[in-house]
Amino acid sequence: MSAIESVLKESRVFQPSDDFVNNANISSDAYNALCNKANEDYEGFWADAAMENLTWKKPFTQVLDESNAPFYKWFADGELNASYNCIDRHLIDKANKTAIIYEKDDGDSEHITYQQLHDRVCQFANGLKSLGVRKGDRVVIYMPMTAEAVIAMQACARIGAIHSVVFGGFSSGAVRDRIKDAEAKIIITANESVRGGKFTPLKSTVDEALSHGDCDSVEKVIVLKRTDSDTPWNESHDIWWHDVIQGQASQCEPEWMNAEDPLFILYTSGSTGKPKGVQHSTGGYLLGGILSMRWVFDYKSSDVFWCTADVGWITGHTFICYAPLAVGATQIVFEGVPTYPDASRFWQMIEKHKVTTFYTAPTAIRSLIKLGPDLPGKFDLSSLRLLGSVGEPINPEAWMWYYETVGQGRCPIVDTWWQTETGAHMIAPIPGAFPIKPGSCTLPLPGIMADIVDESGASVEQGKGGSLVIKRPFPSLLRTIWRDDARFASTYFPDELGGKMYLAGDSAYRDEQGYIWIMGRIDDVLNVSGHRLGTMEIESALVANPLVAEAAVVGKPHDVKGEAVVAFVVLKGNRPEGDEAQKVAAELKSWVAHEIGKIAQPDDIRFGENLPKTRSGKIMRRLLRTLAKGETVTQDISTLENPHVMEQLSESV
């Protein structure tokens, strides 16, 4: 059954409870009023939101500048500081409120109040300044999921340094590429990360990244002593975190930033080999996160919010480092994994910390179903009032388990669609405003002018699929790709759509009630466990192996990860078979894990004497996708230059 056929058959609708509706931040009438206001006075709508939700050092007078489309500017003459908005403004009435509950891998917990967070951020910010870090300098953060990761990000924001967080599971090559592209002045890391009882040497990975001699911009490497293990050391540039903060004051005046000044760069995979440095602004990005907390997560001051993401991804940026703190929430920062010491870890933590809002990925949900579908029932989850899903579309049956078993039939599920590039939620249920459907991200948020269009940019009829676009600029949208304006414009605002319409890169479908269903990517980007991976990036890594002559990578559906990586490989020598094929496949998997990270490691490698190509030399990827899924090839292959390879490539090693 195709994805659209599945959607057409999904007819279940779930209403929020009367109790939830009566206490919700946004009612159905309020949602309609906000949408009407945005339609009638678009700039006024966003100006009011920015004034009501952000604290400005210098209020803005200009709302939207479209004079250099698609390089839009929001609140461009206003000044503020992200760290001040996340911490300082709460000290009047929330100084002793817990800001972060840091749960370590071994189960120990540390409660950090807003006052303590302020003091620690200021000390580290002063430490960075003592090392010569100034406004506009780039700082690469390659950290485990610790409270210090958030402190490092907030400290950068406080002094106007642009942080670029690299996921702690990435390889030295990926770290090096990001250091080089950002021209980072400082790297912040830890000697090791601790996840699931396993220790991973992050500092050694940074050393390897720097060993190539082409990261000349780096002046210092700050190392958090997370474990007592021996740590390789370079006296010329290494410095311990505890030495950086030694003797530093717990007050640090914020650097007041223009609303359009960059807050961070976050690299995301593209359909070409080079990752894109998504550049977000200070004012617009922060506003998007705050509105997502208030509207979609229905934030209440009594909430205990838990987003299970890593700060190496956009979800961890927005819904760990910035948005929960910006609204004054208490949140959990979790170092470990959901299956350690056993598969009940998530449910134990919800009971232990009285979590009210739980936000995780469909991959995690599916894996937890497999590991223990009845486990949630053994714990007191009565504190939960709202559940969230992020990273990829959630299949309806996983949605139902999440709703009935975890939420016990009383917690609305907010299935959120957004991207690294959008910075905040775009299409998501407002839980007290309208019913929800399993597998649908429902309706656009107020002020988000989303549509589904055909190849010419014309809106498609209801009931038909097309490309998801957003027709008007919005504050939290990325401003550009770091130092590559041309790539930004061609990737997100293509000329064929008029050059002013944001192309999301996802295909979508709108049902009879106007609800939107995401069908998947329209480009060569895979969504593995909610992480976007460029096929070209993986192919480039494979071809860099001395054994490989050519490679093509596609995705196939996977019960847990959503999509699995399938690699079709042509070796420089003969096509291997039997034990030899298994040996080479294992070697290539390890190679990709080393070059990019384990997340990109192919699940399935297939060898052929060649790849299926037309007589003009074009690789027929649609045929490879069919083979990867294990389906029968029904397409005409008579035009292929080498149809005999299809049989070879249908065999998994």
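Two strands are said to pair when DSSP finds at least two bridges between them. Strands (E, at least two residues) and helices (H or I, at least four) are DSSP runs, numbered from the N terminus. The views below come from a predicted model, in which local features need pLDDT of at least 70 and side-chain atom pairs count only at pLDDT 80 or more, while totals for chains, interfaces and linings use all residues. Residues are numbered from 1 along each chain as its sequence is written, and side-chain values use heavy atoms, leaving out hydrogens and water.

**View A. Strand S24 and its two partners.** Start with Tyr509 in S24, which stands opposite Trp517 in S25; Gly465 also stands opposite Tyr509. S24 (residues 502–510) runs antiparallel to S25 (residues 516–521), with five bridges joining them. With S22 (residues 465–470), S24 again pairs in the antiparallel sense, over five bridges. All this leaves S24 mostly covered: nine of its nine residues are buried (under 20% relative accessible area; exposed is over 50% and partly exposed in between, with a 1.4 Å probe and protein chains only).

**View B. The turn between S24 and S25.** These two strands form a hairpin with five residues between them. Look for Gly514 in the turn, where phi is positive, at about 85°.

View C. Arg345 belongs to helix H14 (residues 345–353) and Glu103 to strand S4 (residues 98–103), so the contact ties together parts that are 242 residues apart in sequence. Arg345 has a relative accessible area of 3%, and Glu103 one of 2%.

**View D. Lys203 meets Asp238.** Here the closest N and O atoms of the salt bridge are 2.7 Å apart. Since Lys203 lies in helix H10 (residues 202–210) and Asp238 in strand S12 (residues 238–240), the pair ties together parts 35 residues apart in sequence. Both Lys203 and Asp238 are buried.

View E. Arg575 sits in the loop between strand S29 (562–571) and helix H19 (578–595), and Glu651 in the segment after helix H21 (645–649), so parts 76 residues apart in sequence are tied together. Relative accessible area is 23% for Arg575, and relative accessibility is 43% for Glu651.

How values were computed: Salt bridge = Lys/Arg side-chain N within 4 Å of Asp/Glu carboxyl O.
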